[in-house]
Amino acid sequence: MDMDCVYYVVGGDRRSCYMSLTLAEKGYNVFHFDPYDADLLRHSPVTIISGASGVGFRRLIEGECASPSGTGLKAIVLPVPVSRDGEFINGRTLLTVSSVLECSGEFDMVFGGGIDKYMPDENGSGPYVFDYLADDEVAEKNAIVTAEGAICDAESLSDVNIDGSLCLVTGFGKCAKPLAKRLAAWGADVIIMARRPKQRNDAALCGYKVMSFEDIPIYSHVLLEVDFCFNTVPARVVCDDILSQLCKGAVVIDIASMPGGVDFEYCKEHEIPYRHSLGIPGKLSPKSSGIILADAAIKVVSDFNK
């Protein structure tokens with residue numbers, strides 16, 4: 001029975017805290033080491049463990065935080081992403097990635113965003129590893145959260161509404177599709193700029209105007225009318241050939257992962273309002289995002305038990 005699974009959540013941001021709350025409210029036994037916002041977890045079923053780095057993570061999980069029943073599965077849940085600097089666990093914690101993963105053998109399952117690069121498969125030995133960032137279902141749900149956050153960021157930098165505006169979206173992948181859908185639903189006229197013909201065809205079938213990057217010189221008069229430019233392509237594609245033609249006051253939002261796809265230096269030099277909107281789920285919708293992570297963990301554990 002998957003209720004026998006004990007979750008050991010480590011560090012993270014507010015969405016990790018909401019994930020812990022969700023798991024605990026569903027009846028699971030949850031320990032959270034060095035939570036980002038301990039106040040959020042107080043007076044909840046979650047057991048808060050602070051200062052884990054000072055007493056040794058292994059000692060804690062083998063001692064006072066050992067599985068109460070002594071049976072069932074044990075899962076360690078690391079943040080999304082696991083680390084931002086490659087050394088320390090993401091969040092307000094001094095725990096290092098290496099010190100935590102040295103104890104991975106104590107667990108049946110290890111969850112985390114980008115965990116695959118820290119725990120390469122060793123011929124199937126060791127705990128089951130689930131990478132949140134590699135899961136299509138999690139990515140699809142996070143894309144919706146990201147789309148809503150990107151629109152919020154855009155409106156915060158602009159003097160005009162999304163309704164009645166002209167929005168340019170570069171790319172037409174997992175993040176671009178829900179973004180374009182919401183922009184259109186809010187009354188924007190949406191143009192999709194994509195390299196691949198299939199993406200342009202798919203966008204056209206959805207009712208959007210389309211263009212390729214090769215069309216930029218032809219459609220300069222269209223770019224002059226753009227109020228919002230949203231980049232979703234994780235490669236440098238929004239450069240001076242696009243930025244130089246945007247009208248004064250146009251806002252540029254980049255939701256692509258580091259280093260992004262926008263020439264930010266050009267934006268600075270020409271005073272174009274812009275934002276590299278990274279980690280939107282954790283910043284703007286931590287509760288919704290935490291529930292997504294909790295639901296994914298529950299599903300994986302349930303499937304693992306079958």
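Q: Why is L21 called buried?
A: The relative accessibility of L21 is 11%, and buried means under 20% relative accessible area, with over 50% counting as exposed and values in between as partly exposed (1.4 Å probe, protein chains only). L21 therefore counts as buried. This is a predicted model, in which local features need pLDDT of at least 70 and side-chain atom pairs count only at pLDDT 80 or more, while totals for chains, interfaces and linings use all residues. Residues are numbered from 1 along each chain as its sequence is written, and side-chain values use heavy atoms, with hydrogens and water left out.

Q: Where is L21 found, and what does L21 touch?
A: L21 is found in helix α1, residues 14-25; helices (H or I, at least four residues) and strands (E, at least two) are DSSP runs, numbered from the N terminus. Not counting residues up to four places away in sequence, L21 touches L40, L41, S44 and V46, where contact means heavy atoms within 4.5 Å. L21 and L41 are 20 residues apart in sequence, yet their C-alpha atoms are 6.9 Å apart in space.

Q: What makes S16 buried?
A: S16 has a relative accessible area of 3%, so S16 is buried. S16 also lies in helix α1. Its contacts, leaving aside neighbours within four places in sequence, are V9, G11, H32 and P79.

Q: Why is strand β1 described as largely enclosed by the rest of the structure?
A: In β1 (residues 6-10), 5 of the 5 residues are buried, so the strand is described that way. V6, Y8 and V10 point one way and Y7 and V9 the other, and all are buried. In a regular strand the side chains alternate between the two faces of the sheet.

Q: How do you know that β1 and β2 pair?
A: Two strands pair if DSSP finds at least two bridges between them, and β1 and β2 (residues 29-33) have 5 bridges, in the parallel sense. V9 stands opposite H32 in β2.

Q: What makes β7 largely enclosed?
A: For β7 (residues 166-170), 5 of the 5 residues are buried, so the rest of the structure largely encloses this strand. L166, L168 and T170 cover one side and C167 and V169 the other. β7 pairs with β8 (residues 189-193) in the parallel sense over 5 bridges, and I191 in β8 is the bridge partner of L168.

Q: Why are α6 and α7 called oblique to each other?
A: The axes of α6 (residues 136-157) and α7 (residues 176-185) cross at roughly 50° and come within 8 Å. Angles under 35 degrees count as roughly parallel, over 145 as roughly antiparallel, 65 to 115 as roughly perpendicular and the rest as oblique. The two helices are therefore oblique.

Q: Which residues of α6 and α7 meet?
A: A143, I144, A147, E148, A150 and I151 in α6 meet P178, L179, R182 and L183 in α7. By class, this contact has 8 nonpolar, no polar and 2 charged residues; Ala, Val, Leu, Ile, Met, Phe, Trp, Tyr, Cys and Pro count as nonpolar, Asp, Glu, Lys and Arg as charged, and the others, Gly among them, as polar.

Terms used: Axes fitted to C-alpha atoms, helices over the stretch in contact; angles between N-to-C directions.
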